[in-house]
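Please open the structure in your viewer and keep the selection tool at hand.

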Amino acid sequence: MNGTEPTSAAVAEPILAEGPLLCPHEAARLLSVRPSWIYEAVRAHRIPCLRVGRHIRFTRAMLEQWLAEHVDG
């Protein structure tokens, strides 16, 4: 090592999405809520999301897992 190479601790593991990424409107349709609810839930850290630059995205699996963990009953 010459001091310019990143150490293994400095390299973040990539998060790979399975399936297409959903935009907030598509996530809202999947959860049967308004898109404004999605934006507010993301701001309040109530639902998980992926950030792609300034954009928020979701995977279907991510939302289905969140729903299964938060369903009443």
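The stops below concern helices and the side chains on them. Please bear in mind that this is a predicted model.

**Stop 1: helix H2**

Select residues 35-43, which form helix H2. Which residues of H2 are buried? They are Ile38, Ala41 and Val42. Seen down the axis of H2, these buried residues fall within an arc of 100°, so they line one face of the helix. Now select Ser36 and Arg43, which are exposed on the other side of H2.

Next, display what covers the buried residues of H2: the cover includes helix H1 (24-31), strand S1 (50-52) and strand S2 (55-57). Before leaving this region, select His45, which follows H2 and has a positive phi, near 60°.

**Stop 2**

Side chains of opposite charge can pair when their charged atoms come close. How many salt bridges does a search of the whole structure find? It finds two.

For one of them, select Glu40 and Arg43, whose closest N and O atoms are 3.3 Å apart. These residues are three apart in helix H2, and therefore about one helical turn separates them. Glu40 is partly exposed, with a relative accessible area of 36%. Arg43 has a relative accessibility of 56% and counts as exposed, because the cut-off for exposed is over 50%.

**Stop 3**

Move to helix H3, residues 60-70, and select Arg60 and Glu64. Their side chains meet in a salt bridge, with an N to O distance of 2.9 Å. Both residues lie in H3, four residues apart, or about one turn of the helix.

**Stop 4: where H1 meets H3**

Two packed helices are described by the angle between their axes and the distance between the axes. Select H1 and H3 together: their axes come within 11 Å and cross at roughly 40°. This angle makes H1 oblique to H3. The crossing of the two helices is right-handed.

Finally, show the side chains that make the contact. On H1, select Ala27, Leu30 and Leu31; on H3, select Arg60, Leu63, Trp66 and Leu67.

Terms used
Residues numbered from 1 in each chain as written. Predicted model: local features only at pLDDT ≥ 70, side-chain atom pairs only at ≥ 80, totals over all residues. Heavy atoms only, no water. Salt bridge = Lys/Arg side-chain N within 4 Å of Asp/Glu carboxyl O. Buried < 20%, exposed > 50% of the residue type's maximum accessible area, 1.4 Å probe, protein only. Arc of directions from axis to C-beta. Contact = heavy atoms within 4.5 Å. Axes fitted to C-alpha atoms, helices over the stretch in contact; angles between N-to-C directions. Parallel < 35°, antiparallel > 145°, perpendicular 65-115°, else oblique. Left-handed = near helix turned anticlockwise from the far one by under 90°.
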